[in-house]
Amino acid sequence: MNKYSKERLEEERADSSAAPLVVCMGKGAQKDAATALAKRVGAPLSDKPGKELTLLIDGNGVSLNGYGLTFKGDFEQMLHRLTEGRLQHEMISRVCKTKETGLKAIDATAGMGEDSILLAANGYDVTLHEQNPVIAALLKDALRRGKKHPVLKEIVERMHLVEGDSVELMPKRVDEPELIFLDPMFPERQKSGLINKKLQLIQKLERPCTEESELFDAAIAAHPKKIIVKRPLKGPYLADREPTYTVKGKAIRYDVYIYG
Ligand SMILES: C[S@@+](CC[C@H](N)C(=O)[O-])C[C@H]1O[C@@H](n2cnc3c(N)ncnc32)[C@H](O)[C@@H]1O
């Protein structure tokens, strides 16, 4: 079954863990684009904001609003981490570093694409998989704006969003990627005091990963040379699989699995 069929979307929105959502057409929005977005995320289209979560589409793009907060994807905020001097000190650079450019990577749990842009800045051609249609809509809009930015453009052009479930998409991949990156939401991240307020909005849409083995096995089925898993520093291994090696930071660690 297509995980994001209309029925499934309605079921998920009815689930108490997913806040009710409306799509609101704001100033400068195109009716066709707003209608398509509402259909894609399985929410009603309205000209007024909803009581809880509102996905607003207007002339500036797409934003998620609710609980007094607004969230919009913005790769400009990543600019300072992408400069040559800074990028090499990113932990992710240490685990993905390569002298080659244009190697293929899959970010199987793309979210808002922050890790993806770091992979792309390291020279990878990155396919981003995102299964949540609301997050995918926000990410798509951020990528669209990133492609117009004079500095980001060159990096963002190496990022290709595919909306859908990685468990289904990865085994179908024809070419073998150099690396697959996995960062499924970890249950403890729901402790709202610990996270950026804006990300709390995003977390109202996500639920913890419950299919760790399926995700891991699907990644292996794509025959990458390397799988990199981002985990909270003290969290258990994803699907209990022991990595080849681990690189630790203050709050997170990367578990690296070498196959090639
Ligand atoms: C913790 S976030 C990832 C954050 C991301 N690394 C970043 O830098 O922004 C996890 C994301 O993975 C997505 N996800 C989880 N399982 C997935 C799957 N099987 N296929 C595609 N996306 C998935 C969730 O919808 C969520 O947006």
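Predicted model: local features only at pLDDT ≥ 70, side-chain atom pairs only at ≥ 80, totals over all residues.

Colleague: Is Ala120 buried or exposed?

Modeller: The cut-off for a buried residue is 20 or more other C-beta atoms within 10 Å. Ala120 has 26 within that distance and is therefore buried. Ala120 lies in helix α6. Leaving aside residues up to four places away in sequence, Ala120 touches Val126, Ile155, Arg158 and Met159. Ala120 and Leu103 are 17 residues apart in sequence, and their C-alpha atoms are 9.7 Å apart in space.

Colleague: How many residues of α6 are buried?

Modeller: Seven of its eight residues are buried, so α6 is largely enclosed by the rest of the structure. The buried ones are Asp115, Ser116, Ile117, Leu118, Leu119, Ala120 and Ala121. For the chain, 37% of its 260 residues count as buried.

Colleague: Which residues have the most contacts inside the largest nonpolar core?

Modeller: In soluble globular proteins, nonpolar side chains tend to be buried together. Here the largest nonpolar core has 66 residues, and Val23, Leu55 and Ala219 have the most contacts inside it. Helix α7 (residues 133–146) supplies the largest share of this core, eight residues. Domain 1 (6–71) and domain 2 (75–258) both contribute residues to the core, so it lies between them. Leu55 touches, among others, Leu21, Val23, Val134 and Ala137, when residues up to four places away in sequence are not counted.

Colleague: What is the order of the strands in the open sheet of five strands?

Modeller: Strands of a sheet pair through backbone hydrogen bonds, either parallel or antiparallel. In this open sheet the order is β2-β1-β3-β4-β5, with mixed pairing. β2 (45–46) and β5 (69–71) stand at the edges, each with a single partner strand, so one side of each is left without a neighbour in the sheet. Strand β1 (residues 21–25) runs parallel to β2, and two bridges join them. Val23 stands opposite Leu45 in β2; Val23 is also one of the residues with the most contacts inside the largest nonpolar core.

Colleague: Which residues are closest to the ligand?

Modeller: Of the 21 residues that surround the ligand, the closest are Thr109, Gly111, Glu114, Gln131 and Ser166. The elements α6 (114–121), β7 (125–130) and α9 (166–169) each give two or more residues to this shell. By class, the shell holds eight nonpolar, seven polar and six charged residues.

Colleague: How many helices and strands does the chain contain?

Modeller: The chain has eleven helices and twelve strands. Among contacts between residues at least 6 apart in sequence, 65% join residues at least 24 apart.

Key:
Residues numbered from 1 in each chain as written. Core = buried A, V, L, I, M, F, W, Y, C linked by C-beta atoms within 7 Å. Buried ≥ 20, exposed ≤ 12 C-beta atoms within 10 Å, placed from the backbone. Helix = DSSP H or I, 4+ residues; strand = E, 2+ residues; numbered from the N terminus. Domains from an automatic or database assignment. Contact = placed C-beta atoms within 7 Å. Near = placed C-beta within 6 Å. Nonpolar A, V, L, I, M, F, W, Y, C, P; charged D, E, K, R; others polar. Pairing = 2+ DSSP bridges.
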